[in-house]
Amino acid sequence: MAPGAPLCPIAAQAQPPSHRDPQVDTQFGTQVADPYRWLEGDPRSLGPVRSWIAQQAAATDGYLQRLPMRDAFARSLAALYATERFGLPRKAGPRYFYTYNSGKQQLATLMVRDTFGGQPRTLVDPNAWAKTGDRTQTLEDWAPSRRGHLLAFGQAENGSDWRAIRIVDAATGQQLPEVIEGVNDTTITWIGDEGFLYSRYPLAVTERARNAPLADNAVWYHQVQTPQSADIRVFATPDHRESVHRAVVTADSRWAVIGTRSGTDTRQQIRLIDLRHRGNAWPVRELIGDFRDDWRLIDGVADMLYFVTSQGAARNRVMGVDLSRQMPAWREVVPEREAMLDRGHFIGNRLVLAYEGDGVSFAVVTDLQGRPKRNISLNAIGAASGFAGQPGDPETFFQVSSFARPPAIYRLDLASGVATPFALPKPPFDPDNFVVEERKFASRDGTIVPMFLVRNRDTALSKQPVPTLLYGYGGFDVSQTPGYSVPRMAWLLAGGAFALAEVRGGGEFGAAWHEAGRLANKPNAFDDFIAAGEYLVRQGIAPSGGLAAQGASNGGLLVAAAINRRPDLFAAANPQAGVYDMLRFDRFTSGRFWTDEYGHPDREADWRVLLAYSPYHMLKPGAYPAMLVSTGDGDDRVVPAHSYKYVAALQANASDDRPHLLRVEAGAGHAGARQIDRAIASNADVLAFLSCWTGLDGAQSKAATPSQLVAQPLPAPQRARIGVKTR
């Protein structure tokens, strides 16, 4: 039992029993019980499901209210959130657009400046939307038109992945009358200022069918000041209904580049539309006809396009293609390097290429022939992101952050190489009080896996074990990089340690690292995560009984599968919005797109791999860590039924008196609570739960208080001296 267990409530209220149905499926000659399938039902129309959720909520709330560190974490989180926060600016014409939160707002607002030194004004304020009704609406993806006259933005309800696109006049702030519905997982890419391309599903998809599998994605064109009914379908693949299409328009509005994926795999086909010849027909030209490689458009000028690609390069390279000839002429512009090339941008007359390697991210500026002109690097472990812009722009903006440093935004002059601050945070703590290290450990099969470790400097020097929170993801070619998180910072300020394991399945080290943790290799990710926990305890970083596990989405699957294998290793866990029923994940919303990552449950070989690690099916009677399983009732990406079924099975199988609770965030989607007050409440619950069962009592807490916060206005331009090096 964890060192802090005597302080933790054992059973504030008895966990309510869950009804079991005699549901048994026979597939490939094997019988598999599914006693909680009834929890897949819609709680809005099915009373038993609604009643079960209410009973679970009552038990969970009764328990969480008794946790000793809950109020302390709430105060710390409130102080950390109550600081100014800026998003990366995007330039369009003379205007600059960016998100901003004063530290006192529930949701960030979208701001605009008519010139760089102009007075900022609010263009879109989602805080006003929340007051118009009972449902919560949030600002999602947004894109200004090419000359900055208009801006299109997504508006979502209750955290849903479904959104409506609206348009606002950047000069007046007035919204245009048209609304574009049926949008899910799209880019918004303008053709000049006259209209934009977007992706959507058939409008027949209704709220009542919100958990139905998605199909028939298509690219559409919307012309400004026309109704959606006049939109033109530009591209679709009716013979391949599960394909997903995204369009990007080059900065000169010459080409529309359409990427087609068969699922979530980044490997895709590429098609082109020459926008000079568009009409109602929108003629499409195939450029890449197979799904062997990843192709990401950087941008283009006239007949020359530039791509980041994995073709012939496990860590990616830059290829250019000349479309002026009858047959496209390809050439290598920037060869593969030791570091992983993540993305590229075409700014001014330069390429800005963002790389990841050795625990840091950096950028290389080259000319259009690939000859290096300048490097932008960090002095310590951290992440640099952004670098967006267009051909002809003299500048770009980028963001620098690390585990103990909130994001700082810089403006880079491409001609001089001078980086000047745009917005510098002033956190209510001293970042130099924390030490960030990169450690490496051997997994079960001998593979060396990196891990970032963050601790208070005094703890690191004393080498005393402290309760440690281990986080992982390990899937979908997604990289986990050093970055700032308010909840993690609250954990560190309370005296805990934080570790981020870069387990296989992610994109940190190219295609091979991803392949080593997907499909039949998926269990490697679980082995890596377990080995990370063993390393932390063996090295005396975490005390025995003082290790907590956390992961979200695919990371929730990672945590649950690892705990099924080694429940004794962890004192507590918080899997969030996870995929837990691996035999039925493809039957809901976007789940069918994940078969590239997990496999097809209707194919015997894949089915047997999935069954062998499916968290819901692999729960056995025995002792489990204290667990708080989180989800949102509006999650239409990983439907909350995964969490409902998993918790019901966990409670039925757990033979000890530790809590195994379900926390459902009302009106929240896959990303959880978005409003600051709700984010404070949900994170205070999670951190208090994990701290109680790992023994983190806050005795060494350096938590900030709201009175320590000082607002930082935009500084006068000066050469960046801390954190960033340009050469």
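**Basis of the entries**

I note that this is a predicted model, in which local features need pLDDT of at least 70 and side-chain atom pairs count only at pLDDT 80 or more, while totals for chains, interfaces and linings use all residues. Residues are numbered from 1 along each chain as its sequence is written, and side-chain values use heavy atoms, with hydrogens and water left out.

**Overall chain**

I recorded twelve helices and 40 strands in the chain; helices (H or I, at least four residues) and strands (E, at least two) are DSSP runs, numbered from the N terminus. The radius of gyration is 25 Å, close to the 27 Å that the globule rule gives for 727 residues, so the chain is as compact as a globular protein of that length. This radius is taken over C-alpha atoms, and the globule rule is 2.2 Å times the number of residues to the power 0.38. Along the principal axes, the C-alpha atoms fill a box of roughly 70 × 60 × 55 Å.

I find that 59% of the 727 residues count as buried; buried means under 20% relative accessible area, exposed over 50%, and partly exposed in between (1.4 Å probe, protein chains only). The chain exposes about 28,400 Å², of which carbon and sulfur atoms supply 49%. Accessible areas come from the Shrake-Rupley method with a 1.4 Å probe, and for residues only the protein chains shown count as cover. Among contacts (heavy atoms within 4.5 Å) between residues at least 6 apart in sequence, 59% join residues at least 24 apart.

I examined strand 17 (residues 255–261) next: seven of its seven residues are buried, so the strand is largely enclosed by the rest of the structure. In a regular strand the side chains alternate between the two faces of the sheet. Here W255, V257, G259 and R261 point one way, and A256, I258 and T260 the other way.

Strand 16 (residues 244–249) runs antiparallel to strand 17 and is joined to it by six bridges; strands pair if DSSP finds at least two bridges between them. V248 has V257 as its bridge partner in strand 17. These two strands form a hairpin with five residues between them, and S253 in the turn has a positive phi of about 55°. On pairing with strand 18 (residues 268–274), I noted seven bridges in the antiparallel sense. I258 stands opposite R271 of strand 18.

**Aromatic rings and charges**

I noted 37 aromatic pairs in the structure. Rings of Phe, Tyr and Trp (its six-membered ring) pair if their centres lie within 6.5 Å; planes under 30 degrees apart count as stacked, over 60 as edge-to-face and the rest as tilted. F116 and F422 form a tilted pair, 6.0 Å centre to centre with 45° between the planes. The pair links distant parts of the chain, 306 residues apart: F116 is in the loop between strand 6 (109–113) and strand 7 (121–124), and F422 is in strand 31 (residues 419–423). F116 is partly exposed at 25% relative accessible area, whereas F422 is buried at 4%.

I then took Y306 and F346, whose ring centres are 5.7 Å apart and whose planes are at 85°, so the pair is edge-to-face. Y306 lies in strand 21 (residues 304–309) and F346 in strand 24 (residues 340–347), so the pair ties together parts that are 40 residues apart in sequence. Ring pairs also link F86, Y96, Y98, Y100, F116, F397 and F422 into a cluster.

R200 lies over the face of W220, at 3.8 Å from the ring centre. For a charge to sit over a ring, NZ of Lys or CZ of Arg must be within 6 Å of the ring centre and within 35 degrees of the ring normal. I found the charged end of R278 over the ring of Y221, 5.4 Å from its centre.

**Two single residues**

I looked up T366 in strand 26 (residues 360–366) and found it buried, with a relative accessible area of 2%. Leaving aside neighbours within four places in sequence, its contacts include V334, R350 and L351.

S145 is in the loop between strand 8 (137–144) and strand 9 (150–157), and S145 is buried, with a relative accessible area of 0%. Not counting residues up to four places away in sequence, S145 touches A92, L150, W190, G192 and D193.
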